[in-house]
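Please look over the sequence and the structure shown below before reading on.

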Amino acid sequence: MKPSGPYTLGGTVLSEGAGGPVVGSTVRLYLGTTLMDTATTDAQGRFSFSNLPEGTFRLEAQKPGMAGSVMEGIRVPQMPSVTLIQKPAFDQSLSTTPPTLVITQNGTDPLAGQTFTDAIPFRVQVDTSKDYVKPMRFIYVALGRTPGSGFLTATATSSRLLFSDTEDTGNQVLSGSAVAGLGDASGSEIYLEVVAYDFNNNRSHYLIPLTFKNTNSAQRNNVQAPLGVTATAITLGQAVGFYSVQAPLKLNAPLGRGLFGELPLDPQAAPQGSNLYVEIRWCYTNTTPSARPFAFDIERSTDGQNWTRVGTVGGGANRSCPTNPFNRPFYFRDASADLVPGQTYLYRVVARGNNQVASSPPSSTTPLPPFEAPLLSPLDEAKNVSKTPDFQIGHPQLQIGADGAAYNLVLWDTLTGDGVAWQTLGGSLLQVEFGTQGNGIPQGEALVYGLNPSTNTVVFYTDTAGLVDPSKPNKVPVDVAQGTVTFPYNFDGFAALPKLQALRTYAWQLYVSYAYKYEGDRIGAYSIQTWPSSTSFIRISRPGTQVFEFTTGE
């Protein structure tokens, strides 16, 4: 007879570290070798088990076409909810059994349940007698956090260890930034987390409890409140890779009213699902050694009264506090599976030493759902198109609750491959805002404007209400009711030729396309459809980006 009890365990299966839900995955729950229950993930990738006894459990997820995923060491009732990552299989004909790991201090001495001071020795070995797909891709190791993509899990003051193409890490040590801000002088229970991927993307995730004593003297410091805390939600139409071999891309983007700067993104993409994370940035400018925090705790709330800690990073200080929030020195990315579009979240950062001081006021952000601006005209494979065509796209800003969207359209000559015939504003972004309460434009009206790179000035191309330009320019026509925007060829004067060549085939696409939502005067949320790819050999943003070809007439 199966043991039972009063506890529950819920969770979510995602395709990436901040990826879309995996629907229809079969999740099995084991207590030792006993199969306790089986569930199937719903449309949000969620599952739930009830009537569980106290104990240490194992979860396995399987779905045709997907790699296998296993999580070992789930403590019930201490862990009421978990997140499993289940990636697409690299080769569906290969095994979907995740690798079995042996995790010790040095190949012999146990790690679980032990006490360590300031450093943790470890060794991770793949049990080569068990089924898995050789060679191993990655083994990640971190203390107090789930390790993975550097973009999602690295911070300015904390780190994780990564081992590639190996079945044995050898004897290693977690210390320095890998343990910064974690544990305390008297010792506290914390989990060492190990994540491993084999060649078929089968994933193993182990949670190992231990007691960690941290003697860092900053725990005796009297600290002050962090400054300049900003939370920005970022929804990506293509999932961020849980592991990435490329450096993050920085996209020049509007950060608020009249403010432009660099927005960091991870260029690694997967085709399925959308994903969402919140980037929290802050400053701590008191560089006096006795005021330096031991740790920063990042906390989230939906009501401003009840706060949940979503992360901890090592403490630090830096005199700089730039205007661009994405350049502020300290950061954390909240990729929690329970983040949902349309819900307003409040974030604060608590500096911790001998005392604890929270930032105030909290920073709010309301994530946007996925955004997609479809190409409408000229249609794909259209013939006899004008040599000065109008390019029309859908602009679903209002439907997703955004305050505007930014675009960059590129047109290239297919005969020359990478020959650019026209790129709007010479590569700068054109912002389109239909009236909302957030942007201050009257309902039914619109503004279209952008930064002219030649003059470094903002030019208003359309102002239907005469808010900025009483002459009500209409160089970029909009239809608010239908939700469309039309870019007349060379409206900005940046085309290579005054007219396209006759009987020539061209291709056009949105090189950049994303929606945004204001929080006061700053942009607090982005929903990104597409952005430039550093790996593309032609001017195409992403493999999944719409590209329409047409041929001009005589």
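Predicted model: local features only at pLDDT ≥ 70, side-chain atom pairs only at ≥ 80, totals over all residues.

**Strand pairs, sheets, cores and salt bridges**

Strands S36 and S37 pair in the antiparallel sense, and two bridges connect them.

**The four-stranded sheet**

- Strands S28, S30, S37 and S36 make up an open sheet of four strands, which follow one another in the order S28-S30-S37-S36 with antiparallel pairing.
- Strand S28 (375-377) and strand S36 (478-479) stand at the edges of this sheet, and because each has a single partner strand, one side of each is left without a neighbour in the sheet.

- Is S37 mostly covered or mostly exposed? It is mostly covered, since five of its five residues are buried.
- In a regular strand, the side chains alternate between the two faces of the sheet.
- In S37, Thr-484, Thr-486 and Pro-488 point one way and Val-485 and Phe-487 point the other way, and all of them are buried.

**The nonpolar cores**

- The largest nonpolar core has 57 residues, of which Ile-280, Trp-282, Leu-411 and Phe-487 touch the most other members.
- Another core lies apart from it and has 26 residues, including Leu-101, Leu-174, Ala-196 and Leu-210.
- In soluble globular proteins, nonpolar side chains tend to be buried together.

**The three-stranded sheet**

- Three strands form an open sheet in the order S8-S10-S13, and their pairing is antiparallel.
- Strand S8 (101-104) and strand S13 (172-174) are the edge strands of this sheet, each of them pairing on one side only.
- Neighbouring strands of this sheet are turned against each other by 35 degrees on average, with direction ignored.
- Four bridges connect S8 with strand S10 (residues 120-126) in the antiparallel sense, and along this pairing Val-102 stands opposite Gln-125 in S10.

**Salt bridges**

- How many salt bridges does a search of the whole structure find? The search finds 12 salt bridges, and three of these pairs are described here.
- Glu-72 and Arg-58 form a salt bridge in which the closest N and O atoms are 2.0 Å apart.
- This pair links distant parts of the chain, with Glu-72 in strand S6 (residues 69-76) and Arg-58 in strand S5 (residues 55-62), 14 residues apart.
- Arg-58 counts as partly exposed because its relative accessibility is 24%.
- Glu-279 and Arg-333 form a salt bridge as well, and their closest N and O atoms are 2.8 Å apart.
- Here too the pair links distant parts of the chain, Glu-279 being in strand S21 (residues 275-283) and Arg-333 in strand S24 (residues 330-334), 54 residues apart.
- Glu-279 counts as buried because its relative accessibility is 1%, and Arg-333, with a relative accessible area of 9%, is buried too.
- Arg-504 and Asp-413 meet through their side chains in a salt bridge of 2.9 Å, N to O.
- Arg-504 lies in the loop between strand S37 (484-488) and strand S38 (505-519), and Asp-413 lies in strand S31 (residues 404-413), so the pair ties together parts that are 91 residues apart in sequence.
- Both Arg-504 and Asp-413 are buried.

**Arg-352**

- Arg-352 has its place in strand S25 (residues 345-352), and it is buried, with a relative accessible area of 16%.
- The side chains of Arg-352 and Asp-297 are joined by a polar contact of 2.9 Å.
- When its neighbours within four places in sequence are left aside, Arg-352 is in contact with residues including Gly-181, Val-223, Phe-294, Asp-297 and Arg-309.

Definitions and conventions. Residues numbered from 1 in each chain as written. Heavy atoms only, no water. Core = buried A, V, L, I, M, F, W, Y, C linked by side-chain atoms within 4.5 Å. Buried < 20%, exposed > 50% of the residue type's maximum accessible area, 1.4 Å probe, protein only. Pairing = 2+ DSSP bridges. Axes fitted to C-alpha atoms, helices over the stretch in contact; angles between N-to-C directions. Salt bridge = Lys/Arg side-chain N within 4 Å of Asp/Glu carboxyl O. Polar contact = N/O pair within 3.5 Å; in protein donor to acceptor, adjacent residues only side chain to side chain. Contact = heavy atoms within 4.5 Å.
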